[in-house]
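This report goes through a protein model one part at a time. Please keep the sequence and the structure in view while reading.

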Protein chains: 2
Amino acid sequence: MARRRRPTSVVTGIGDDSAVLRFEPGQDTLVTTDLSIEGVHFRREWHPPESVGHRCLVRGLSDIAAMGGLPAAAFLSLALPEDLPQSWVNRFLDGLLKLARRYKVQLAGGDIAQSPRQICADIVVIGSVPQDKAILRSGARPGDVVYVTGSLGGSAAVLQNLRKGRRASPRLKTGSPHFYPEPRIATGQWLRTHALASAMIDLSDGLSTDLSHICDESHVRAVIDAELLPVHPAARKQREGLELALHGGEDYELLFTAPSSVSVPNRISGVPVTRIGEIARYDRKKPQVEALIYGSKRPLLSKGWEHFAKGFAWQSEAEKSAHRAPSRN
Amino acid sequence: MARRRRPTSVVTGIGDDSAVLRFEPGQDTLVTTDLSIEGVHFRREWHPPESVGHRCLVRGLSDIAAMGGLPAAAFLSLALPEDLPQSWVNRFLDGLLKLARRYKVQLAGGDIAQSPRQICADIVVIGSVPQDKAILRSGARPGDVVYVTGSLGGSAAVLQNLRKGRRASPRLKTGSPHFYPEPRIATGQWLRTHALASAMIDLSDGLSTDLSHICDESHVRAVIDAELLPVHPAARKQREGLELALHGGEDYELLFTAPSSVSVPNRISGVPVTRIGEIARYDRKKPQVEALIYGSKRPLLSKGWEHFAKGFAWQSEAEKSAHRAPSRN
């Protein structure tokens, strides 16, 4: 990359989990920004304010984890309706700050504005990795093995229950992957320091969508074995459990690839790691992502898990990119 | 400040125009984030989309200018109603990107989400200054002189006309300080490289409010001479012209202080600079900011200029800080 006159250069911009900036040689700075919109990403009647605050910050922390980075500071922009009780805001901040403290992330600034109607929060997380060590989406190679951390479909299963009118009990909420998911910072860092992963992304939009992003950026295709998927117990209880694991979003687990010659532990920083498939050479006649389901290969289409009724969908990375492009549809 | 274990430390967090982060010795990184909410900061029937995009980015660039910094990259988070025409988004981005190109700022990422109702944009601007050279709000000393760049009240005068139902003609809009204000990047940088300014802030909330922020952070008070104020011609045409210059927001000019021994040019980087008052010792029996108006001293209360009817006010820095604290009211 040509040396720029500016002291700061953008090493990797739009199209990965975080942007990579270089202020000084030796270290790269990661920046990620994520919106949480009432009625789209959460509902006041479903989500306790602490969970909304937690989930808001997790989105950013998980993007830093997916680069193998260490988060350092967060910035919060909040647009709030005038009639929102102060207690809601306090509890939102409690949830957000509790998670921030746990990962030693300082809330370093932000903005506050009135919103005519819905709550709108934007979280910016800034982190770092040693120069050129960020794990990008673009490094997967044919023959690499596909791995996933933790289990899949848990968040979508809880959401499914909420949609069916089954309120989650507070006890359930505390341990639930939907209300209080854990960002996989330590696992991402371990993979980076051991230089094991060739490509990585976090599972925010769902396995089918996020794996297709790795395939897009790496110019490869992938085949996964549905029987190997670590389906979350909450998803396994439901008839559509496998669908939830394949397409459900917001698990905030890490999806990564590694050369087959590399020995990947089955537990990293206390988090289970499961081999779920492999990367193949790009072939325009074959589906980008295929799944072996009950012995037969089927194309796995990117289906962002439908979030709420009335056409609100999980925000897809495809949509993001299209918008950043700058055009959508 | 104690050395932290983390590679990144927050040098100055909440309470200045931008946060100051240090990733490596030798250079400080500036981060600022600003919301633009439909119905609060703009109206679709008043503001052409290009102006909304321009104003969105100006808010961040102006915060970097107020630190004496150089902007490098921007991140845009956009929440858009489903029925918003694609052409609105394209024109918004045109306005934003045109300004970004002019200041060599790269749009390096962001997020996009659906918004149930109003448009909500959050802009993050990242910039840099040499280590410890950011011009803070806290450096004003008794005896310092208060200066302002450009002219004041122009933006509020245009807004006043819009509120009265007088639509601005497109020709007017192009040159208007309200629709297309200019961030004072070069002036801020000049002041920083010449080490002339002791404190600086940008005029986003209005002179009365922003000067009180310098007084708060510097533990001083200020006296300004209303007759010295460079009132914008558009404001001068209105009966309440002086009020618009004293309290009107969104001029995005720079307000700074400098020791009286220093010779400040009356034009910096092509922008007029006007001496408008001076800094005095803090005295709890005296008003924090006073204005000499028609020969008599009056307390100048911080009045964020009222933006729209129905109680929507300019977003005040006081509100921001209160919220960041984290409590409001």
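## A covered helix

How many of the 10 residues of helix α3 (residues 154-163) of chain A are buried? The model is a predicted one, and in it eight of the 10 residues of this helix are buried, so helix α3 counts as mostly covered. The buried residues of α3(A) are Gly154(A), Ser155(A), Ala156(A), Ala157(A), Val158(A), Leu159(A), Gln160(A) and Leu162(A).

What covers these buried residues includes two other helices of chain A, α7 (233-236) and α8 (241-247). After α3(A) comes Gly165(A), which has a positive phi, near 90 degrees.

## A glutamine in the loop between two helices

Gln238(A) is found in the loop between α7 and α8 of chain A. Is Gln238(A) buried or exposed? Its relative accessible area is 10%, and the cut-off for buried is under 20%, so Gln238(A) is buried.

Which residues does Gln238(A) touch, leaving out those up to four places away in sequence? They are Ala157(A), Gln160(A), Asn161(A), Lys164(A) and Leu244(A). A polar atom of the side chain of Gln238(A) lies 3.1 Å from the backbone oxygen of Ala157(A).

## The sheet of chain A

Chain A has an open sheet of six strands, in the order β1-β2-β3-β6-β4-β5, and the pairing is mixed. Its edge strands are β1 (9-12) and β5 (106-115), each of which pairs on one side only. From one strand to the next, the twist averages 25 degrees. In general, the strands of a sheet pair through backbone hydrogen bonds, either parallel or antiparallel.

Thr12(A) stands opposite Val20(A) in β2(A). Strand β2 (residues 19-24) of chain A pairs in turn with β3(A), in the antiparallel sense and over four bridges. Here Ala19(A) stands opposite Val31(A) in β3(A). The hairpin of β2(A) and β3(A) has two residues between the strands, and in this hairpin Gly26(A) takes a positive phi near 105 degrees.

## Strand β3 and its two faces

How many of the 11 residues of strand β3 (residues 27-37) of chain A are buried? The count is 11 of 11. Gln27(A), Thr29(A), Val31(A), Thr33(A), Leu35(A) and Ile37(A) point one way from the strand. Asp28(A), Leu30(A), Thr32(A), Asp34(A) and Ser36(A) point the other way, and the residues of both groups are all buried.

β3(A) also pairs with strand β6 (residues 120-130) of chain A, in the antiparallel sense over 11 bridges. In this pairing, Asp28(A) stands opposite Val129(A) in β6(A).

## Helix α6 in both chains

Ile214(A) lies in helix α6 (residues 207-218) of chain A. Its relative accessibility is 0%, so Ile214(A) counts as buried. Beyond residues up to four places away in sequence, Ile214(A) touches Arg137(A), Ala140(A), Ala199(A), Met200(A), Ile201(A) and Leu255(A). Ile214(A) and Ile123(A) are 91 residues apart in sequence, and their C-alpha atoms are 24 Å apart in space.

In chain B, Thr209(B) has its place in helix α6 (residues 207-218). Thr209(B) is buried, because its relative accessible area is 4%. Along the chain Thr209(B) and Leu246(B) are 37 residues apart, while their C-alpha atoms are separated by 9.0 Å.

## Cysteines

A disulfide is a covalent bond between the sulfur atoms of two cysteines. How many disulfides are there over all chains? The count comes to zero. Cys56(A) is in no disulfide, and the nearest cysteine sulfur, that of Cys120(A), is 9.5 Å away. The cut-off for a disulfide is 2.5 Å between the sulfur atoms.

Both of these cysteines are buried: Cys56(A) has a relative accessible area of 0%, and Cys120(A) has a relative accessibility of 2%.

## Confidence in the model

The model scores ipTM 0.82 and pTM 0.86. Chain A averages a pLDDT of 87, and 87% of the residues score at least 70. Over residues 305-329 of chain A, the pLDDT is below 50, and this stretch has 84 contacts in the model beyond near neighbours in sequence. The pLDDT also stays under 50 over residues 1-6 of chain A, for which the model has nine contacts beyond four places in sequence.

Note on methods
Residues are numbered from 1 along each chain as its sequence is written. Chains are lettered from A and ligands numbered from 1 in the order in which they are written. This is a predicted model: local features need pLDDT of at least 70, side-chain atom pairs count only at pLDDT 80 or more; totals for chains, interfaces and linings use all residues. Side-chain values use heavy atoms; hydrogens and water are left out. pLDDT is the predictor's confidence in each residue, from 0 to 100. Contact means heavy atoms within 4.5 Å. Buried means under 20% relative accessible area, exposed over 50%, partly exposed in between (1.4 Å probe, protein chains only). A polar contact is a pair of N or O atoms within 3.5 Å; within protein, one must be able to donate a hydrogen and the other to accept it, and residues adjacent in sequence count only if both atoms are side-chain atoms. Two strands pair if DSSP finds at least two bridges between them. Axes are lines fitted to C-alpha atoms, for helices over the stretch in contact, and angles run from 0 to 180 degrees between N-to-C directions.
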